[in-house]
Amino acid sequence: AYYTLISLRPMAKITAAEWLDGFDWDEYDVTIGSTASWFSEVKKKINYDANSEVNSTRFVSPKITKETMSRWLFDAWKIMEQQSDTLETFKNIIDLMKTEALVDKGKVINAQEKLLECKNEQLNNLKKSAVESTVQTSVQQEIKLYSEAVTKSSKSVVTQESLKKSSEVCYRGGRQKQ
């Protein structure tokens with residue numbers, strides 16, 4: 001009853017969630033109800049209360065016939081069999097969940113490694129871009145400074161005309177023609 005999904009596909013690869021979805025919860029509820037009903041009947045017949053101790057002598061009573069004891073034993077057997085099946089199913093589901101959790105952790109680690117690689121690549125690109133930008137800015141500043149220096153010095157560049165003017169000044173004793 002509890003292995004409905006598994007018995008239909010015993011060799012199929014399923015997830016823990018699929019296994020739980022296929023679990024017969026109605027049958028489980030019946031088991032819980034049977035257990036509660038069984039305990040209620042037995043407690044009543046042996047005069048059990050919360051403060052009393054249960055031992056084998058409580059089951060020796062004229063109110064409890066051999067047939068009643070036999071039925072209780074059989075019912076207890078069925079309940080324990082159902083509970084044993086349920087526990088085994090839950091154990092298998094938990095084992096499968098543990099395996100799935102390990103697989104998921106592996107996937108997370110792989111994703112983190114890929115993310116780290118991507119971040120490292122982005123960082124390297126950023127460094128390269130920053131260096132290129134810094135070099136470009138420095139070169140542009142140096143070109144501008146050089147251009148300004150050339151512009152300033154070009155005003156005092158020696159040409160034929162400036163030589164003539166200089167030579168006239170020199171020959172006239174430092175006086176220029178006006």
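1. Helices first: this predicted model has five of them and zero strands. Read from the N terminus, the order of elements is simply α-α-α-α-α. Two of these helices come up again below: α3, covering 25–45, and α4, covering 66–154.

2. On burial, the protein has 178 residues, and 12% of them count as buried. Its accessible surface comes to about 14700 Å², with 59% of that belonging to carbon and sulfur atoms.

3. Now the contacts. If you take those in the protein with a separation of 6 or more, 59% are accounted for by residues 24 or more positions apart.

4. Which residues make up the largest nonpolar core? There are seven: Trp38, Val42, Ile46, Ile64, Trp72, Ala76 and Ile79. Helices α3 and α4 are the elements that give two or more residues to this core. The most comes from α4, which supplies three.

5. Trp72 is worth a click in your viewer. Set aside its neighbours within four places in sequence, and tryptophan 72 is in contact with Trp38, Glu41, Val42, Lys45, Phe59 and Ile64.

6. Next, the aromatics. The count of aromatic pairs comes to eight. One of them joins phenylalanine 23 and tryptophan 25: the ring centres are 4.5 Å apart and the planes sit at 65°, so this pair is edge-to-face. The angle is what decides the label, because planes over 60 degrees apart count as edge-to-face.

7. Are the two partners of that pair buried or exposed? Phenylalanine 23 has a relative accessibility of 4%, so it counts as buried. Tryptophan 25, with a relative accessible area of 39%, is partly exposed.

8. Val131, Val135, Val139 and Ile143 make a nonpolar surface patch of about 350 Å².

Technical notes: Residues numbered from 1 in each chain as written. Predicted model: local features only at pLDDT ≥ 70, side-chain atom pairs only at ≥ 80, totals over all residues. Heavy atoms only, no water. Core = buried A, V, L, I, M, F, W, Y, C linked by side-chain atoms within 4.5 Å. Buried < 20%, exposed > 50% of the residue type's maximum accessible area, 1.4 Å probe, protein only. Helix = DSSP H or I, 4+ residues; strand = E, 2+ residues; numbered from the N terminus. Contact = heavy atoms within 4.5 Å. Patch = residues over 30% accessible without salt bridge, like charges linked within 9 Å, V, L, I, M, F, W, Y side chains within 5 Å. Areas by Shrake-Rupley, 256 points an atom, 1.4 Å probe, with all protein chains shown as cover. Salt bridge = Lys/Arg side-chain N within 4 Å of Asp/Glu carboxyl O. Phe/Tyr/Trp six-rings, centres within 6.5 Å; stacked < 30°, edge-to-face > 60°.
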